[in-house]
Amino acid sequence: MRIDVITIFPEYFGPLSVSLIGKAAARGDITFGVHDLRHWTHDAHRTVDDTPFGGGPGMVMKPEPWGEALDAVVAAGGGAGADALLVIPTPAGVPFTQQHAARYAAQPWLIFACGRYEGIDGRVADEARSVLAVEEVSIGDYVLAGGEPAVLVMTEAICRLLPGVLGNAESATDDSFGFGGIESGGPMAGLVEGPSYTRPRVWRDREVPPVLLSGDHAAIARWRRDGALRRTARNRPDLVARLAAQAPGALDRRDREVLSEAGFPVNAEDVAH
Ligand code: SAM
């Protein structure tokens, strides 16, 4: 996979050479290109922003450097016909989820455009759409100072799903949300994961749940699913509501009991037996 990032702070992306993703890049499984937007400015101050038309506070990123940067990055990677997806992080975008991470992980080439100030002149995305697929995504309902941390977050979520990046290929399907979210059909599809434990068996008088030491794999899987359902009900009632509405067949009788105890009765006729 190829990932290009355009930013005014290339140094922000040092973490891409660290840990699992750094190793995947060193193996050649991911190729990163981090580009300084100011390279495509032409004035002595290397200006990338200007005051907003219509007034208002703050500055807006100018379209010219962005246009030139995208033209150059796209041309270097194979031109307009190449299979690139431009991802523009913005608090005004659609929420980035595990489904996006799985879909983006299947793309051959992603380009991220990191905004700063009040964001990028709106014509840049419109212009890019004439040659590329473009998606505006938000990593959460809060406002960051720039797109760089959002790109680091998304890159990590995407790259850990690439084949060979995680040590244990099953961990992604066992993680919160499952590999690809609610439709993925894995044990955690549409849920967040329950608690996990390691040695010692007793710590500060707190014992690990005995079922985890039983060697009974079916009982352990059931216990884990119960824990996931309880934690999802407690922390993410929105996910329980979605699961019950969109994939009721994924809930069996025991799931329904656990959810009901947690205050989420699910209709019996919607549930797999
Ligand atoms: N004026 C914009 C608005 O209200 O929607 C906020 C701009 S923000 C201060 C500057 C940049 O940070 C954005 O262009 C974007 O790249 C990034 N950013 C801020 N919050 C973000 C979020 N929740 N998700 C993704 N990117 C975000």
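The following dialogue explains how to read several features of a predicted model.

Biologist: How are strands defined, and what order do they take in the open sheet?

Modeller: Helices (H or I, at least four residues) and strands (E, at least two) are DSSP runs, numbered from the N terminus. Two strands pair if DSSP finds at least two bridges between them. Here, five strands form an open sheet in the order β2-β1-β6-β5-β7, with parallel pairing. β2 (31-36) and β7 (133-138) each have a single partner strand and stand at the edges, so one side of each lacks a neighbour in the sheet. The twist from one strand to the next averages 25°; axes are lines fitted to C-alpha atoms, for helices over the stretch in contact, and angles run from 0 to 180 degrees between N-to-C directions.

Biologist: Over how many bridges do β5 and β7 pair?

Modeller: β5 and β7 pair in the parallel sense over seven bridges. Within this region, valine 87 stands opposite glutamate 135 in β7. Helix α2 (residues 63-76) packs on the sheet and touches β1, β2, β5 and β6, where contact means heavy atoms within 4.5 Å. The direction of α2 makes about 165° with that of β6.

Biologist: What is a nonpolar core, and which residues have the most contacts inside the largest one?

Modeller: A nonpolar core is a set of buried Ala, Val, Leu, Ile, Met, Phe, Trp, Tyr and Cys residues joined through side-chain atoms within 4.5 Å. Buried means under 20% relative accessible area, exposed over 50%, and partly exposed in between (1.4 Å probe, protein chains only). The largest core in this model has 31 residues, and Leu110, Phe112 and Ile158 have the most contacts inside it. Its largest share, seven residues, comes from α5. Apart from this core lies another, of 22 residues, among them Ile8, Val48, Leu70 and Val74.

Biologist: Is aspartate 175 buried or exposed?

Modeller: Aspartate 175 has 18% relative accessibility and therefore counts as buried. It lies in the loop between α6 (171-174) and β8 (202-203). Leaving aside neighbours within four places in sequence, aspartate 175 is in contact with Arg160, Met188 and Glu193.

Biologist: Which residues of helix α8 are buried, and where do they lie around its axis?

Modeller: In α8 (residues 237-246), the buried residues are Leu239, Val240 and Leu243. Seen down the helix axis, they fall within an arc of 100°, so they line one face of α8; the arc is that of the directions from the helix axis to the C-beta atoms. These buried residues pack against α7 (217-235) and α9 (253-261).

Biologist: What describes two packed helices?

Modeller: Two packed helices are described by the angle between their axes and the distance between the axes. In this model, the axes of α7 and α9 come within 9 Å and cross at roughly 35°. Residues making the contact include Arg222 and Leu229 of α7 and Val258 and Leu259 of α9.

Conventions: Residues are numbered from 1 along each chain as its sequence is written. This is a predicted model: local features need pLDDT of at least 70, side-chain atom pairs count only at pLDDT 80 or more; totals for chains, interfaces and linings use all residues. Side-chain values use heavy atoms; hydrogens and water are left out.
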